[in-house]
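Subject: The structure we talked about

Hi,

Here is the structure I promised to pass on to you. Please open it alongside this message, and then read on for what turned up.

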Amino acid sequence: METTREQGGEMPELPQVEALRGWLDAQLATRAIARVQLTDFSALKTYKPPLSALVGLEISGVARHGKMLDIDAQGVHLIVHFSRAGWLKWKPEQPAAPARPGKGPLSFRLTLDDDSGFDLTEAGTQRRLAIWLADDPHDVEMIATLGPDPLAPEFTREAFDAILDAAGRSQLKGVLRDQRIIAGIGNAYSDEILHAAKMSPFTPASSLDEAGRQLLYDQIGTVLADAIERCQGLPPDKLKDDKRQAMRVHGRAGEQCAVCGTTIAQVSFADSSLQYCPGCQTGGKVLADRRMSKLLR
Ligand SMILES: [Zn+2]
């Protein structure tokens with residue numbers, strides 16, 4: 001079974017994109033866009049407004065929607081979904097000559113009026129990094145359909161109760177990482193939150209009692225706040241490594257749980273695999289891998 005690490009990189013989630021947002025906001029403040037260049041033509045998902053609309057505009061601010069970054073240039077929004085292998089590389093000085101399209105990991109290059117800027121890059125051969133240009137971020141379907149942000153004041157205990165009520169018998173792992181239900185939590189932080197809450201990833205949402213609901217709600221806030229505190233202020237090139245290092249169960253199958261010493265296990269889930277501690281989360285029981293048991297039968 002493949003782990004997310006073996007599949008070539010870690011998807012940045014809410015804490016990394018939030019740290020990147022803050023870092024970039026300080027770098028880009030009051031600068032104007034001098035040049036933009038798209039080198040991976042499949043990355044751009046919109047054609048109106050055109051990319052050239054960005055040129056000459058001043059950066060008004062940088063926002064985040066779930067795991068997506070939103071650079072606002074006087075009302076024209078450059079929105080980025082990094083996906084698993086994509087990221088942003090800050091460049092103190094961008095080259096004057098245009099980059100050659102279709103070569104290497106470069107997808108998009110932006111140069112500011114002081115010649116600094118950033119590259120959007122994607123490792124590997126899969127092209128999943130996505131860029132949208134929009135006058136209103138909510139024109140982007142992936143943003144319009146996002147659930148509440150767990151850091152926003154709207155994410156109250158009442159809102160979380162409504163989410164769990166609507167989820168019914170859906171498994172907690174799937175509820176936590178569904179962007180349409182809660183925005184920003186992916187495969188990694190859902191593993192970490194469930195470990196911190198000592199809950200099985202396969203627990204049906206409807207089976208949580210009042211204490212369980214409160215515990216899970218608290219751990220969503222705590223795990224994300226701790227992760228943000230840890231990575232805030234780090235430059236973009238440190239954020240993905242930091243994410244990996246800070247994980248307690250995610251990506252750590254075969255290692256010992258730091259809390260109870262049990263060997264961390266993994267099981268396939270949806271399109272990838274999840275990691276959990278049988279000692280902390282499932283009363284010592286190793287979860288059956290449905291794909292695996294199908295093969296063995
Ligand atoms: Zn444990």
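This is a predicted model: local features need pLDDT of at least 70, side-chain atom pairs count only at pLDDT 80 or more; totals for chains, interfaces and linings use all residues.

Four strands make an open, antiparallel sheet, and their order is E2-E3-E4-E8. The edge positions go to E2 (61–65) and E8 (130–134); each has a single partner strand, so one side of each has no neighbour in the sheet. On average, neighbouring strands here are turned by 20 degrees against each other, ignoring direction.

Within this sheet, E3 (residues 68–73) and E4 (residues 76–81) are joined in the antiparallel sense by 6 bridges.

Is E8 mostly covered or mostly open? Mostly covered: 5 of its 5 residues are buried. Ala130, Trp132 and Ala134 point one way from the strand, while Ile131 and Leu133 point the other way.

Another open sheet of 4 strands runs in the order E1-E6-E7-E5, with antiparallel pairing. Its edges are E1 (33–38) and E5 (86–91), and because each has a single partner strand, one side of each is left without a neighbour in the sheet. From one strand to the next, the twist averages 15 degrees.

E5 and E7 (residues 117–122) run antiparallel and are joined by 6 bridges. Tryptophan 87 has threonine 121 in E7 as its bridge partner. H1 packs on this sheet too, touching E5, E6 (106–112) and E7. The direction of H1 makes about 25 degrees with that of E5.

**The zinc site and the cysteines**

Which residues hold the zinc ion's protein donors? They are the SG atoms of Cys257, Cys260, Cys277 and Cys280, at 2.2 to 2.3 Å from the ion. Along the sequence, these donor residues follow the spacing C-x2-C-x16-C-x2-C. The angles subtended by the 4 donor atoms run from 95 to 117 degrees, and therefore the arrangement is tetrahedral.

Cysteine 277 and cysteine 280 are both buried; for cysteine 280 the relative accessible area is 9%. Cysteine 231 counts as buried as well, because its relative accessibility is 1%. How many disulfides are there? The count is 0.

**Alanine 227**

Alanine 227 sits in helix H6 (residues 210–231). With a relative accessibility of 10%, alanine 227 counts as buried, because the cut-off is under 20%. Leaving aside residues up to four places away in sequence, alanine 227 touches Pro15 and Tyr189. Leucine 14 is 213 residues away from alanine 227 along the chain, and their C-alpha atoms are separated by 9.1 Å.

Happy to go through any of this with you.

Best wishes

Key
Residues are numbered from 1 along each chain as its sequence is written. Side-chain values use heavy atoms; hydrogens and water are left out. Helices (H or I, at least four residues) and strands (E, at least two) are DSSP runs, numbered from the N terminus. Buried means under 20% relative accessible area, exposed over 50%, partly exposed in between (1.4 Å probe, protein chains only). Contact means heavy atoms within 4.5 Å. A disulfide is a pair of cysteine sulfur atoms within 2.5 Å. Two strands pair if DSSP finds at least two bridges between them. Axes are lines fitted to C-alpha atoms, for helices over the stretch in contact, and angles run from 0 to 180 degrees between N-to-C directions. Donors are N, O and S atoms within 2.8 Å of the metal (3.2 Å for Na, K and Ca); water is not among the atoms, so sites may look incomplete. Four donors count as tetrahedral if all angles lie between 85 and 135 degrees; four count as square planar and six as octahedral if opposite donors are over 155 degrees apart and all others between 65 and 115; anything else is irregular.
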